[in-house]
Amino acid sequence: RAEVPGWPLASLARRDEEIYLPGRGEPLRLPRRSAALKLLQRARDEAGGAEAARHGGEQGRRHRQVEDGPLRPADRLAELRVSVAREVGPDVIVTDRPVARAEAGTAPVAFENRPLLRPFEGLASFVGVPRYGSIDPTPYLAMTLPVFIGLMVGDLGYGLVLLVALTWIRRRWPRASLVSALLPVGLLAAGSTIVFGLLFGEAFGDLGARFLGMPTLWLDRREAAIDFLALAVAIGAGQVCLGLVLGVVNAIILRQRETLLSRVAMLVGLAAIAALLGWLAGPLPSSLGYLAAAALVTSLAVLVGTLGLAGPIELIGAVGNVLSYARLMAIGLASVMLALVANELGDLAGNVLVGAAVVLLLLALNVGLGFFDSSIQGLRLHYVEFFTKFVEPGGVRFAPFTSALARAGEPVRPAATGG
């Protein structure tokens, strides 16, 4: 039972962990894993320890430990102390202790990223919160998702249309939380689309080349489909291998020996397969081919030893993950071809107004489909092909203690006192 001037009374039954409040007949029952319940339990235990110390001749001893997790992220502990002292007074106990390895699975996770990366936190944790202490996937998503969207859409005109649309949405709904959260993502995607449009020499399909004389600075997607495909697969190989490297780092951090061995074996196996393909194609010497074959056999043996029969299947799946990035080429090629078809149909209309209407309608459809499809497929590549190589799922999203009490329908601020 606790009594602080200006605060309501509460008692916590030890056997069933029920919370009794004055004027309420039925006790308040919080979930066993509730952050609010854990904080109340710790407050009760600390109060009992302080009382025992006082009766033991240690009256006046100040307990100063720090509690990480339910209250606030650890790097904001000083701010928490100041806030509590201002609201309650200086005679307050704030406890802190490191998270034990056994508690890592239930420790709350709060993302801490730079302002430019924060809009991507919701997308990075959409399918699951990473485990406490593991690598945060947010920076990697922020670096590559806009690039993927730009690579697939790759049109200067489409990027400018998205930029104008985002500006209008921002002015139309300036206080909408969803707009504020996703606007930076859209702006980066628009910028990436404009850059790739300049590199590809595309503005509303071939209209930029027709009327503005836009040159192709890097790659003509209409004529270089094979090169575009090779680029997409190379991007896939790089991102999948990066995911496995991050998975190795995660396994070291979390002390997962079998996971560490399996991911190293996966990396070796992918490199061996690439070397074998190069040997079979001709450019690589025979000695390297034999070495790659030996490395592949060794990696398969390690995978069987760590993952069982699922190990070789995982390696084949990783190869499939790399090839899945061919969708970067497929969606990009479909976008440019639809724009070309729209422009050709406009030329065949025979009437300027009808032709312009046809072109505008089909290009508007292409803009909408292009950004929607590229966003979905870009996220899918990250969630399925990339994140599965290193993200440790099972984390618990951080929620402040006050939010837990508010959800329970109880007051979260002390009652006002006279003065």
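Below are my entries, going from the whole chain to single residues.

**Entry 1: ground rules**

I am working with a predicted model, where local features need pLDDT of at least 70, side-chain atom pairs count only at pLDDT 80 or more, and totals for chains, interfaces and linings use all residues. I number residues from 1 along each chain as its sequence is written, and my side-chain values use heavy atoms, with hydrogens and water left out.

**Entry 2: the whole chain**

I looked up the secondary structure and found 14 helices and four strands. Helices (H or I, at least four residues) and strands (E, at least two) are DSSP runs, numbered from the N terminus.

How many of the 419 residues count as buried? I noted 39%. My cut-offs are under 20% relative accessible area for buried, over 50% for exposed, and partly exposed in between (1.4 Å probe, protein chains only).

The protein exposes about 23,100 Å², and carbon and sulfur atoms supply 65% of that area. Accessible areas come from the Shrake-Rupley method with a 1.4 Å probe, and for residues only the protein chains shown count as cover.

I also checked contacts, meaning heavy atoms within 4.5 Å. Among contacts with a separation of 6 or more, 69% are between residues 24 or more positions apart.

**Entry 3: salt bridges**

Side chains of opposite charge can pair when their charged atoms come close. For a salt bridge I need a side-chain nitrogen of Lys or Arg within 4 Å of a carboxyl oxygen of Asp or Glu. I found seven salt bridges in the structure.

One of them joins Arg 221 and Glu 202, with the closest N and O atoms 2.8 Å apart. Arg 221 sits in the loop between helix 7 (207-212) and helix 8 (225-254), and Glu 202 in the loop between helix 6 (177-200) and helix 7, so the pair ties together parts that are 19 residues apart in sequence. Are these two buried or exposed? I wrote down 0% relative accessible area for Arg 221, which is buried, and 2% for Glu 202, also buried.

Next I found a salt bridge between Arg 263 and Glu 392, whose closest N and O atoms are 3.4 Å apart. This pair links distant parts of the chain, 129 residues apart: Arg 263 is in helix 9 (residues 257-281), and Glu 392 is in the loop between helix 13 (352-386) and strand 4 (396-397). I marked both Arg 263 and Glu 392 as buried.

Asp 206 and Arg 210 form a salt bridge too, at 3.4 Å from N to O. Asp 206 counts as buried because its relative accessibility is 12%, while Arg 210 is partly exposed at 35%.

I then followed helix 10 (residues 286-307) and helix 11 (residues 310-324), whose axes come within 7 Å and cross at roughly 125 degrees. I take axes as lines fitted to C-alpha atoms, for helices over the stretch in contact, with angles from 0 to 180 degrees between N-to-C directions. Helix 10 and helix 11 are therefore oblique to each other. Angles under 35 degrees count as roughly parallel, over 145 as roughly antiparallel, 65 to 115 as roughly perpendicular, and the rest as oblique.

Where they meet, helix 10 brings residues including Leu 296, Leu 300 and Leu 307, and helix 11 brings residues including Ala 310, Pro 312 and Leu 315.

I stayed with Leu 307, which is partly exposed at 38% relative accessible area. Leaving out residues up to four places away in sequence, Leu 307 touches Ser 262 and Glu 314. The C-alpha atoms of Leu 307 and Glu 258 are 8.1 Å apart, although 49 residues separate them along the chain.

**Entry 4: a glycine and a serine**

Gly 394 lies in the loop between helix 13 and strand 4, and I noted it as exposed, with 52% relative accessible area. What does Gly 394 contact, leaving aside its neighbours within four places in sequence? I found Gly 105 and Val 129.

Ser 192, in helix 6, is buried at 11% relative accessible area. Not counting residues up to four places away in sequence, Ser 192 touches Pro 146, Val 147 and Gly 150.
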